[in-house]
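Subject: The model, and what I found in it

Hi,

Here is the structure I promised to pass on. Could you open it next to your sequence while you read my notes?

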Amino acid sequence: MSEQATRAAKKAAKTPAAKAAKTAASPVDAAAKGRAGKAATSTSKAPAAKSAPARRPAAQAGAKQVAAAKAAPPAKATRAKASTAKPAKKAGSRSATAAVLEAKSRADRAAAAPPAPGGDAKALQLDAHRMVKLDTELTTDQGIGVEDTDNTLRAGPRGPSLLEDFHFREKIMRFDHERIPERVVHARGSGAHGYFQPYDTALAEYTAARFLTDPGTRTPVFVRFSTVQGSRGSTDTPRDVRGFAVKFYTDQGNFDLVGNNMPVFFIQDGIKFPDVVHAVKPEPHHEMPQAASAHDTFWDFVTLQPETMHHVIWLMSDRAIPRSFRTMQGFGVHTFRLVAADGTRTFVKFHWTPVAGVHSLVWDEAQKISGKDPDFNRRDLWESIEAGLYPEYELGVQIIAESDEFAFDDIDLLDSTKLVPEEVVPVVPVGRMVLDRNPDNFFAETEQVAFCVQNIVPGIDFTDDPLLQARLFSYLDTQLTRLGGPNFAQIPINRPLAPVRNHQQDGFHQDDIPVGQANYHPNSLGGGCPVVPGAGGGAFVHTPEHVDGIKERKRSETFSDHYRQATLFWNSMAAWEKEHIVAAYRFELGKVAHRHIRERMVEHLNNIDHQLAVAVAAGIGVPAPKPGRPNHGRMSPALSQASMPGSTGVVGRKVAVLVADGVEGASVESIQAALAEDGAVVELLGLVDGAVTTAAGDALPVTRAMNTVASVLYDAVVVADGEAAVEQLVNDGYAVHFVAEAYKHAKPLAVLGVGDRLVQAARLPVFEASDRITAPASKPSAGALDGVVFLAAGADADDTFLTELTTAIAAHRHYDRPVDGIAA
Ligand code: HEM
């Protein structure tokens, strides 16, 4: 443990939080106790590894396993496989070569990396700044006790208020100034603490960055996920890019990997950033629409700027409506450099892959969630962490030798509108990030965190990507205003764990007290300190590079192809993904009032794929174009979400069980227990809150009333058995709609016994297809039964049924169902 951490630990033991932990009794106290206790125990020991849920798949998918899954969809899992279990621990041999790295499974490498110290160091540092209010008395900001905070000082009970009332004036002054400017982009965000740990030393051949190469250290991280377009209070589920920003508090200083959930960007040169952001944000004359790209200015801009076409097709895909922050990828987007201890450089691209798989909402659902629960993704992140279902991501790298800089057809590594397909350069897993702690205070941490692309540590370096170079200026610049002056690196969430010593001084909000006479370099009055460590002393050194060129405003010819990778993406999609993309273009362009913009977009689509252009044109009243550029036919299967089902089964999936008085309690309870054991979150929804009486006369508590939620907030629905119960559900339009809507959104559905009457009332096509329920099969309907499981009336929810159910839920969605005719 570092000296700093030890100091912080000692301090932590003395904080009010630690003291409160000793006497904690109420639930609030218990929360304080948990945190203080964690801080205290972690001072002496490495944090305990997350305890494994009871059952998880035998192997967690690594890059190679994911690739294998692409070739062959997962076979029907056994019950044990559909549930979840931590990977079996195996010892893995270590090798520094990328080839060997590729061959190793993620599970082997995760198991080889032991729990290590360091993960709680940031929590300990923050402890010194926590204000715990339990068992305290109200004071002013000056520490003066307050007599009364409910009545202003007045001349008589009905008389005028007095200026003398300093408590009133201070209280209102502080309230008046609570707001700071929201971020100019990515204003809506949600944060979490966690740690990163490399699997082994394999990257040491490529980088001197210790946090990437020392499996004995857990580096604390703070992550902020965000949407781009909307204001701070906007919905979580617009069609939008998601930010995926990670601050690593390494012992060599802070490293910020400020990425997105899509691997490419709209523009090639940062000088266009104000244009693309102005175009997508609410239109300036009436400030509409909020958090939406479906409006004229966005489509006007992108159709005049063809370099956006690749990112735009990602935006039209399901990647733009993630089910959860737990289920989306992250990308560093730009090509960066790794720099080894001996100065050798390689190009690198960073990838985050969620262990829970890549899963999305459907568009109709996303829009409804915006009304039913605009905090949907934020709530999911918070509740998962509170429940101990810690979101986990694997860091992967694509490593490219400098000598291969020009080896790729159609790809300039400095062009952020291009990706390097995994089939061309594999993504090598190098470590894992676990998010295991919610912030204490949204404003202090999530709002005040300042990610900055220029925060970089020895062993990593930039490239000449013109988008990246613009970002190097922009973040520091905007944060000066947003955070009110130059000292924002001292805000607790931004403070590095590595010591900070320099002659920068003064300015608004200086929290440190520099001691001594010498505030300049060189000096002799301060003993020459702080000394400049220089290259040999672990300082960051910009890697020497020969630069030669004519000063001009010009883009490289190698940046000029704007369509071929959009075609690659389109070709790589599963059939259902293509349908969703076409529907998204139709929706968005359908909102564009100017016809010429719609027409221009169809022309661009024709350069991507003729069939795509024809399909979109047919939905937006634009004539079908003549065949355009031939489709090159290349694919990258790794780009399809279908290739990333994840390996955590039903962990964190939310299941609604519809119940009413007269329900058959036994089957409900056994399903509830089995799913909960596997890590799913099961909620019993009644027609009213409280409890229902089972057919056997017992009270069965419900989680909440059905009318306070909606099917769109759940991943799967179970319709309970019981004559009287189903009779009530069938006569409740809300319950009928709940089932119809869940089915339409391709969600798993479990129908117990006479619960099939509710399915019938919802007019789902399962009856035409089913050979398992009483209604005769009249017209078989392909896909109608996908993800629908039945339990005969009065039957036990046995292992066979539970396996079917967990397999259906683990698959997330069943998109081959015929759902167009369903009114929901
Ligand atoms: C690959 C391209 C880009 C990616 C992946 C990206 C990603 C992000 C992310 C994740 C955030 C949110 C950070 C947070 O959670 O606090 C952010 C904020 C921001 N980005 Fe970018 N961005 C990109 C391009 C640019 C460019 C080209 C510029 C300007 C030239 C820019 C300017 C900003 C600004 C000003 C903020 C707000 C920062 C703050 O107020 O703290 N970004 N970006």
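Below are my notes, from the whole chain down to single residues.

First, some ground rules. Residues are numbered from 1 along each chain as its sequence is written. This is a predicted model, so local features need a pLDDT of at least 70 and side-chain atom pairs count only at pLDDT 80 or more, while totals for chains, interfaces and linings use all residues.

**Overall**

The average pLDDT (the predictor's confidence in each residue, from 0 to 100) is 87 for the chain, and 84% of the residues score at least 70. Please be careful with residues 1-107, where the pLDDT is below 50. Residues 776-780 also stay under 50. Where pLDDT is low, the predicted coordinates should not be read in detail.

The chain has 27 helices and 18 strands; these are DSSP runs numbered from the N terminus, with helices being H or I of at least four residues and strands E of at least two. Of the 824 residues, 47% are buried. Here, buried means that 20 or more other C-beta atoms lie within 10 Å of a residue's own, exposed means 12 or fewer, and partly exposed is in between, with C-beta atoms placed from the backbone. Among contacts with a separation of 6 or more, 75% join residues 24 or more positions apart; a contact needs C-beta atoms, placed from the backbone, within 7 Å.

**Around the ligand**

There are 28 residues around the ligand, and Arg183, His186, Arg224, Gly243 and Ser474 come nearest. A residue counts as near if its C-beta atom, placed from the backbone, lies within 6 Å. Two or more residues each come from strand 2 (219-227), strand 3 (242-250), strand 4 (253-260) and helix 17 (466-482). Helix 17 gives the most, with eight residues. By class, the shell has 13 nonpolar, 11 polar and four charged residues. Nonpolar covers Ala, Val, Leu, Ile, Met, Phe, Trp, Tyr, Cys and Pro, charged covers Asp, Glu, Lys and Arg, and the others, Gly among them, are polar.

Helix 17 has 17 residues and reaches 24 Å from its first C-alpha to its last, close to the 24 Å expected at 1.5 Å a residue; the expected span is 1.5 Å times one less than the number of residues. Its buried residues are Pro466, Leu467, Leu468, Arg471 and Gln479. After helix 17 comes Gly484, with a positive phi near 75°.

**Helix 23**

In helix 23 (residues 723-730), Ala725, Val726 and Leu729 are buried. They lie on the same side of helix 23 because they cover an arc of only 90° around the axis, taken from the directions from the helix axis to the C-beta atoms. These buried residues pack against strand 11 (654-658), helix 24 (733-744) and helix 25 (756-761).

**Two residues to look at**

Ile809 sits in helix 27 (residues 799-810) and is buried, with 25 other C-beta atoms within 10 Å. Beyond four places in sequence, Ile809 is in contact with several residues, including Val650, Arg653 and Pro748. Arg653 is 156 residues from Ile809 in sequence, yet 7.7 Å away in space, C-alpha to C-alpha.

Ala699, in strand 14 (residues 699-701), is exposed, with 10 other C-beta atoms within 10 Å. Not counting residues up to four places away in sequence, Ala699 touches Ala691 and Thr693.

Best wishes

Technical notes. Two residues are in contact if their C-beta atoms, placed from the backbone, lie within 7 Å.
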